[in-house]
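User: Please take me through the architecture of the structure shown here, with the criteria behind each term spelled out as we go.

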Amino acid sequence: MAVRTIDVRERVMARNDELASQVRARLAEAGVMSFNLVSSPGSGKTSLLERTLEVLGEELDIAVVTGDVQTQNDADRLARRTDRLVQAVVTGGACHLDAAQVMSALEAIDLARTRLFFIENVGNLVCPASWDLGEVAKIVVFSVTEGEDKPLKYPKMFRMARYAVLNKVDLLPHLDFDVDKAIAFAREVNPDLRFFLTSARTGEGLEEWFDFLRQQVRAPVAA
Amino acid sequence: MHELSLALEVCRIAELHAQPHGAGAVRAVAVEIGDDAGIEVGNFRFCMEALLGAPPFTGPRLEVLPGRGDDLRVTYLEVDDGRPDD
């Protein structure tokens, strides 16, 4: 039998990236600012969003999609803080969200009544770095109970992110965590990373975070 | 951890490009993987072998080629076109 070679040269992420562009275009057309929150499990993405929804949910017309491997616990937690829509995606084992899931979650969201859209990704510092979801920017959250060298251990995620939130700073007096060192490590892999130091529990540093979000929503959204 | 999702997408692309001969006619799938693609090659091979060993595939071989940066692409397929040898 004759075996012949078929030239393919197709990028494996091409379909996801095409869907991500469609998500990006829809959000831009509706004038919606969007962030993809990524972190390891337990660094405080949901707590940060709870505080954000309490204060800015109505003011900035926030909608949220949460991704979890199992349970819709995060979406339920967030829904208690806002009357606005919180949509849950249960990945059923997958370690990341993909653009197709965000696209279908958008179907349930009234974009005309939304100005800020958060995607709370599955807690994982590896896989979500590879999937573009159509967001304007990724925000990486990590906490002072983790190692300062997290940015060096997971460089791709810190390189892909435009902003970083260092959370749980209220615990600093009880820990040996060196904030300057953590920021220096992060800037080693991504010199342009802008940092926010927050405690979602006590509210420390949240005013700066809220002002940043207000200003991002006011600024024209780049397509 | 996400290697299975990527392997599934590789198989989808391979099946598409194997037309009109069909996935069963594929004899080799070549994939280029860059160092920054975020892929553990051993894990990826394991997933690919499981998928390529099951219908509609009939156990083609997997070629992993070095790629650049975060490149991850299906480079070529070898397909049995069903014609007798020349």
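Predicted model: local features only at pLDDT ≥ 70, side-chain atom pairs only at ≥ 80, totals over all residues.

Analyst: Residues are numbered from 1 along each chain as its sequence is written, and chains are lettered from A and ligands numbered from 1 in the order in which they are written.

User: What is the radius of gyration of chain A, and how many helices and strands does chain A have?

Analyst: Chain A has eight helices and eight strands, where helices (H or I, at least four residues) and strands (E, at least two) are DSSP runs numbered from the N terminus.

User: Which strands stand at the edges of the open sheet of chain A?

Analyst: The open sheet has seven strands in the order β4-β3-β5-β2-β6-β7-β8, with parallel pairing, two strands being paired if DSSP finds at least two bridges between them. Two of these strands have a single partner strand each, so one side of each is left without a neighbour in the sheet; they are β4 (86–90) and β8 (194–197) of chain A.

User: Which strand of chain B is joined by bridges to β1(A)?

Analyst: Across the two chains, 22 residues of chain A are in contact with 25 residues of chain B, contact meaning that C-beta atoms, placed from the backbone, lie within 7 Å. Seven bridges join β1(A) in an antiparallel arrangement to strand β3 (residues 72–80) of chain B.

User: How are α1(B) and α2(B) oriented to each other?

Analyst: The axes of helix α1 (residues 3–17) and helix α2 (residues 41–52) of chain B come within 9 Å and cross at roughly 45 degrees; axes are lines fitted to C-alpha atoms, for helices over the stretch in contact, and angles run from 0 to 180 degrees between N-to-C directions. Angles under 35 degrees count as roughly parallel, over 145 as roughly antiparallel, 65 to 115 as roughly perpendicular and the rest as oblique. The orientation of α1(B) and α2(B) is therefore oblique.
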